[in-house]
Amino acid sequence: MGERVAVIGSGYVGSVVAACLAHVGHDVVGVESNPEKLATLRSGAAPFHEPGLDNLITSGLAHRKLRFTDDFCDAMDSSDVVFVCVGTPPGPDGDADTTAIRGVTVAIAQNLRHYHVIITKSTVPIGTGFWLGSLIEDILGPAGRDRFGVVSNPEFLREGSAVQDFLHPDRVVLGSDDPKAQEIAATVYRPILEQRIPGDIGKRDVVPLLQTKLTTAEMVKYASNAFLATKISFANEIARLCDFVGADITEVTAGMGLDTRIGGRFLDAGLGWGGSCFGKDLSALITTANEYGYRPRILEGAVSVNESQRKYVVDQLLGHLKTLRGAKVCILGLAFKPHTDDLRDSPALDVAARLIGKGAFVAAYDPMVTAVPDVPDIRLMPDAIRAATGADAIVLATDWPQFLTVRLTELRRSMRGDLFFDSRNNFDPILVEQAGFRYVGIGRGGATTPPRVIAHREQPRNADQGVGVR
Ligand code: UDX
């Protein structure tokens, strides 16, 4: 018998939380206020692409362990634990916009008819859990204090592998100043901590549980994302030095990564990071530091290096093509990373917009992106060959695996020019040059060897072991 769980917000995080908690045996009700998204979820599908999620939603609905509603009161009356999974988009001043969190908190307070554990899953500014508790107390008055407990449970989900990351996490972090709430939250995660996942194949190690204070858990999330982003920017800074001295960054990071204190993951140099999290979380953490009068120089450096990578690619193209005005550039990959159609803060899209702004004509192909409303001048093509037709240069901007199997000689024959800018260091320079291209990477230092230890490239965790559906 599982716990009775409500999940408020059925977006990238909430729908994964709801479907996975139902899959491990809890009775889950997901709340979604958007009518179209609610209808999609009730039909058994997620309103966006996430491998494995549709199957879990369908299974949860079929086994009556999962349902979706827009009735907040029903969700609260049908649950004892409520996950807050609404967005905290970046505000104009860099701080996270907590409008949605405030709205949900007020709704929770107004529908709190029995004891609930309130679990903040969204990435929220440090101190939000404390603020949330105070706001509910303010609404309910002193008598309300015993009717809830607050827990921070940060998410570490990567788009494209969120289901695997939730069911097989490296760790679960639960932060609370209330022991009772802390223990109830741990009970919800027991099947995952013990790795008792229905339909799972293979025996896995138990998952570590970090139980700490409320604010500490919130900081773990920000510090983790900030470190991952800084690690990538560090690799990119070294890559720029590699280009000066003629070293190969893929070999440098391979050598670094063999040191278990460093590890080889998140050291792939190139166009840098994008997505809805790294930039937003770094910005929020920097804003928090500034509020206390502290300048977080390392975090500011990570942001600055990342932004410079996009400009660097455009500057390099100008150097090679001598002019961008009138140049025809093919961009392969637009999503911020492979296995998603998400364009939020996509480095590829940023480069495309910068090229267009300098008078270039940009054609692009991405296996999943079918519309680019924010950059209407990009000509979206149905495949790589047609995107490259007549182009002076190709920019490999998102390291989709399928680009590695494109016929390079056919690609070259379709072009007007011969420049292949591998901004993700995904290709073997020898093969590219044998196909008639001039190869340019980032930090390859003129290398003529294949990129080393490419296996470190981020793959969905445990991608080889699916999660069966009951
Ligand atoms: C990230 C964090 O990994 C996850 O823990 C957090 O919960 C949400 O934010 P996500 O943004 O989905 O996940 O994608 P991720 O796989 O981390 O990649 C982020 C960006 O970094 C992508 O643009 C990717 O291309 C880039 N990247 C990643 C690199 O440039 N080099 C690397 O070595 C790894």
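Reader: Start with the ligand. Which domains give residues to the shell around the ligand?

Author: Bear in mind that this is a predicted model. Domain 1 (4-211) and domain 2 (224-441) both contribute residues to that shell, so the ligand lies between them.

Reader: Which residues come nearest to the ligand?

Author: The shell counts 19 residues. Glu 159, Lys 221, Asp 268, Phe 336 and Lys 337 come nearest.

Reader: And how does the shell split by class?

Author: There are 9 nonpolar, 3 polar and 7 charged residues around the ligand.

Reader: Which helix gives the most to the shell?

Author: Helix α9, residues 214-245. Its share is 3 residues.

Reader: What polar atoms lie by the ligand's oxygens? Begin with Asp 268.

Author: A polar backbone atom of Asp 268 is 2.9 Å from a ligand oxygen. For Leu 267, a polar backbone atom sits 3.4 Å from an oxygen of the ligand. Arg 424 uses its side chain: a polar atom there is 3.3 Å from a ligand oxygen.

Reader: How much of the ligand does the protein bury?

Author: The protein buries 95% of the 670 Å² that the ligand exposes when taken alone.

Reader: Which way do the residues of β5 point?

Author: His 116, Ile 118 and Thr 120 point one way. Val 117 and Ile 119 point the other way. All of them are buried.

Reader: Do β4 and β5 run parallel or antiparallel?

Author: Parallel. Strand β4 (residues 81-84) is joined to β5 by 4 bridges.

Reader: Now helices. How many residues of α1 are buried?

Author: 10 of its 10, so to speak for residues 14-23: helix α1 is mostly covered. Among the buried ones are Val 16, Val 17, Cys 20, Leu 21 and His 23.

Reader: What happens just after α1?

Author: Gly 25 takes a positive phi of about 115° there.

Reader: Where are the positive phi values in residues other than glycine? Take Arg 64.

Author: Arg 64 has phi near 55°. The residue is in the loop between α3 (53-62) and β3 (66-69). Arg 64 counts as exposed because its relative accessibility is 74%, and the cut-off for exposed is over 50%.

Reader: And what about His 339?

Author: His 339 is not a glycine either, yet its phi is positive, about 65°. Its place is the loop between β9 (328-332) and α13 (347-357). His 339 is partly exposed, with a relative accessible area of 29%.

Reader: Next, Thr 287. Buried or exposed?

Author: Buried, at 14% relative accessibility. Thr 287 belongs to helix α11 (residues 278-291). A polar atom of its side chain lies 2.8 Å from the backbone oxygen of Ser 283.

Reader: Last one. Where does Arg 102 lie?

Author: Arg 102 is in helix α5 (residues 99-110). Its relative accessible area is 43%, so Arg 102 is partly exposed.

Reader: How far is Arg 102 from Thr 128?

Author: Their C-alpha atoms are 9.7 Å apart in space. In sequence, 26 residues separate Arg 102 and Thr 128.

Methods:
Residues numbered from 1 in each chain as written. Predicted model: local features only at pLDDT ≥ 70, side-chain atom pairs only at ≥ 80, totals over all residues. Heavy atoms only, no water. Near = heavy atom within 4 Å. Polar contact = N/O pair within 3.5 Å; in protein donor to acceptor, adjacent residues only side chain to side chain. Areas by Shrake-Rupley, 256 points an atom, 1.4 Å probe, with all protein chains shown as cover. Helix = DSSP H or I, 4+ residues; strand = E, 2+ residues; numbered from the N terminus. Nonpolar A, V, L, I, M, F, W, Y, C, P; charged D, E, K, R; others polar. Domains from an automatic or database assignment. Buried < 20%, exposed > 50% of the residue type's maximum accessible area, 1.4 Å probe, protein only. Pairing = 2+ DSSP bridges.
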